[in-house]
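Subject: Structure handover

Hello,

Here is the structure you are taking over. Please open it before reading on.

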Amino acid sequence: MLAAIAVALTMQTAAPDPDLLPIGRSGTAVVAPGQVFDMRSNKASSLDEVVKAASGKKFVFLGEQHATTLHQKMESDVVDALVKSGRQVAVGMEMYTRPKQDVLDKWSAGTLSEAQFLDQSDWKGQWGFPYDFYRPVFESVRTNKLPLVALNVPRDWVRTVGKTGFASLPLSAKMQLPAELFLGNKDHRHVFEAMIGGGHPGAGPSVDSMYAAQVLWDEGMADTALKYQMTVPPTPQSVFVVIAGSGHVMYGQGINYRIRRRRGGDGITVVMIQSDKPVEVSRGIADFVYVTAPQS
């Protein structure tokens with residue numbers, strides 16, 4: 001979605017670097033390929049430290065670069081490590097929309113073969129990236145018999161709002177969403193404008209509608225996660241792992257912000273980046289940053 005918006009807009013000025021925005025924790029850090037880096041303590045870290053940081057938290061937000069082998073492997077490693085630590089894990093994925101939930105339930109229960117799952121869940125239509133990248137995540141879910149939640153709202157809702165604003169959604173869609181689509185988070189708007197490029201001031205109805213679509217996207221996924229939590233008895237060991245594109249969790253301003261705003265609970269955020277050399281990033285971008293070399 002963000003890539004499509006970037007192509008759709010013609011920008012005249014240089015874009016701010018989305019990885020170096022002055023939001024949240026001050027300062028920057030340099031992270032080398034292969035490193036997990038703790039932005040809170042400003043030092044190299046590890047998967048074990050990520051799991052330790054998640055202790056007592058209701059959410060773990062994993063922001064990936066899509067179809068990146070080492071990023072999806074890290075996601076499955078986080079899920080497995082949380083299970084091993086004794087947490088009661090549920091996994092929510094951006095890759096599927098809400099109407100596919102019944103098929104995801106069957107996958108978690110182990111009643112579908114992989115081929116049946118891909119066919120019945122319409123993987124190619126729902127996501128489109130090759131399934132091989134994401135197999136480790138789905139295998140972790142099935143092996144550990146974890147709840148798997150289709151986080152995303154139907155994509156035609158996002159397209160409608162992106163063209164003509166939230167008011168144009170049909171009543172049937174609005175009834176499945178929070179009553180308010182809050183558009184006043186200036187930090188999130190800053191992230192959005194940096195992601196679409198050009199340092200555009202964000203004025204005008206077309207850009208406003210595109211921004212409303214991004215907010216709907218994040219708000220919808222947060223709403224799905226919170227609704228899931230209402231269906232299960234909460235325990236101190238419960239943790240919900242959100243897997244989404246990094247733009248949905250960077251700087252704590254996307255899905256994570258929407259959940260906090262509704263008092264749904266706190267979490268930690270891991271943002272994953274590709275770079276073939278050490279990369280400078282804002283320490284406010286996440287609690288942890290994982291950098292991997294680009295795929296050959």
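Confidence. This is a predicted model. The average pLDDT over the chain is 92, and 92% of the residues score at least 70.

In soluble globular proteins, nonpolar side chains tend to be buried together. Here the largest nonpolar core has 52 residues. Helix H11, residues 205–229, gives the most to this core, with 13 residues. The residues with the most contacts inside the core are Phe-59, Leu-216, Phe-240, Val-242, Ile-255, Ile-259 and Val-289. Another core, of 40 residues, lies apart from the largest one, and Val-36, Leu-62, Leu-104 and Trp-127 are among its members.

Aromatic rings. The whole structure holds 16 aromatic pairs. In one of them, the ring centres of Trp-127 and Tyr-134 are 6.4 Å apart and the planes stand at 90 degrees, so this pair is edge-to-face. Both Trp-127 and Tyr-134 are buried. They belong to a cluster linked by ring pairs, which also takes in Tyr-96, Trp-107, Phe-117, Trp-123, Phe-129, Tyr-131 and Phe-138.

Charges over rings. The charged end of Lys-174 sits over the ring of Phe-166, at 5.7 Å from the ring centre. Arg-261 lies over the face of Phe-182, 3.9 Å from the centre of that ring.

Ser-140. This residue is in helix H7, which spans residues 131–144. Is Ser-140 buried or exposed? Its relative accessibility is 6%, and the cut-off for buried is under 20%, so Ser-140 counts as buried. Its side chain makes a polar contact with the side chain of Asp-80, at 3.2 Å. Beyond four places in sequence, Ser-140 is in contact with Asp-80 as well as Ser-76, Val-79 and Leu-146.

Regards

Note on methods
Residues are numbered from 1 along each chain as its sequence is written. This is a predicted model: local features need pLDDT of at least 70, side-chain atom pairs count only at pLDDT 80 or more; totals for chains, interfaces and linings use all residues. Side-chain values use heavy atoms; hydrogens and water are left out. Helices (H or I, at least four residues) and strands (E, at least two) are DSSP runs, numbered from the N terminus. Buried means under 20% relative accessible area, exposed over 50%, partly exposed in between (1.4 Å probe, protein chains only). A polar contact is a pair of N or O atoms within 3.5 Å; within protein, one must be able to donate a hydrogen and the other to accept it, and residues adjacent in sequence count only if both atoms are side-chain atoms. Contact means heavy atoms within 4.5 Å. Rings of Phe, Tyr and Trp (its six-membered ring) pair if their centres lie within 6.5 Å; planes under 30 degrees apart count as stacked, over 60 as edge-to-face and the rest as tilted. A charge sits over a ring if NZ of Lys or CZ of Arg is within 6 Å of the ring centre and within 35 degrees of the ring normal. pLDDT is the predictor's confidence in each residue, from 0 to 100. A nonpolar core is a set of buried Ala, Val, Leu, Ile, Met, Phe, Trp, Tyr and Cys residues joined through side-chain atoms within 4.5 Å.
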